[in-house]
Amino acid sequence: MTIVSVPARVPAGVDRLDVLVDGQPVGDLHLRLCTACERAVIEHIRIDRHYRGRGLARRLVEAATEGRRSWLWSTTEIADNASAAGFAAAGIWPGPPQPQWCAHMRAADDLMP
Ligand SMILES: [Zn+2]
């Protein structure tokens with residue numbers, strides 16, 4: 001298992017973490033990081049159906065939060081499907097499902113091409 005980081009193109013834009021198994025992408029996590037505010041919002045997480053139950057979502061969240069555990073974390077209202085419920089039940093989310101975007105994150109959307 002490998003996790004590959006695809007940084008945002010603008011500050012406080014959307015970073016992506018891809019999780020690969022045998023070189024194939026099987027899931028990803030989208031998050032916004034603001035170093036100025038030390039704030040982070042997880043906006044999306046997805047694991048291919050056939051790869052669920054292996055702790056990959058937890059590994060993605062761990063990779064996202066590593067070195068930033070003291071930051072203010074929140075998540076969007078993650079899709080109400082079985083896997084999202086499973087992630088929530090497993091206590092994987094680092095923050096409440098109520099995104100707390102900062103002004104920089106909102107500004108980043110205006111900078112996106
Ligand atoms: Zn900010």
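## Ground rules

Residues are counted from 1 along each chain as its sequence is written. Since this is a prediction, local features need pLDDT of at least 70 and side-chain atom pairs count only at pLDDT 80 or more, while totals for chains, interfaces and linings use all residues; side-chain values use heavy atoms, with hydrogens and water left out.

## The zinc site

Start with the metal. The zinc ion has four protein donors, C34 (SG), C37 (SG), C102 (SG) and H104 (ND1), lying 2.0 to 2.3 Å from it. (Donors are N, O and S atoms within 2.8 Å of the metal, or 3.2 Å for Na, K and Ca; water is not among the atoms, so sites may look incomplete.) Along the chain, the donor residues follow the spacing C-x2-C-x64-C-x1-H.

The angles between donor atoms run from 98 to 117 degrees, so the arrangement is tetrahedral (four donors qualify if all angles lie between 85 and 135 degrees). For reference, the ideal angle for four tetrahedral donors is 109.5 degrees. How exposed are two of these donors? C102 counts as buried, at 5% relative accessibility, whereas H104 is partly exposed at 40%. (Buried is under 20% relative accessible area, exposed over 50%, partly exposed in between, using a 1.4 Å probe and protein chains only.)

The largest nonpolar core holds 19 residues, and L29, L31, I45, L60 and W73 have the most contacts inside it. (A core is a set of buried Ala, Val, Leu, Ile, Met, Phe, Trp, Tyr and Cys residues joined through side-chain atoms within 4.5 Å.) Two or more residues each come from β2 (14–21), β3, β4 (39–47) and α1 (56–65), with α1 giving the most, five. A second, separate core has seven residues, including A12, C34, C102 and M105.

In α1, the buried residues are L56, A57, L60, V61, A64 and T65. (Helices are DSSP runs of H or I, at least four residues; strands are runs of E, at least two; both are numbered from the N terminus.) After α1 comes G67, with a positive phi near 80 degrees.

Terms used. Tetrahedral: all angles 85-135°; square planar, octahedral: opposite > 155°, others 65-115°.
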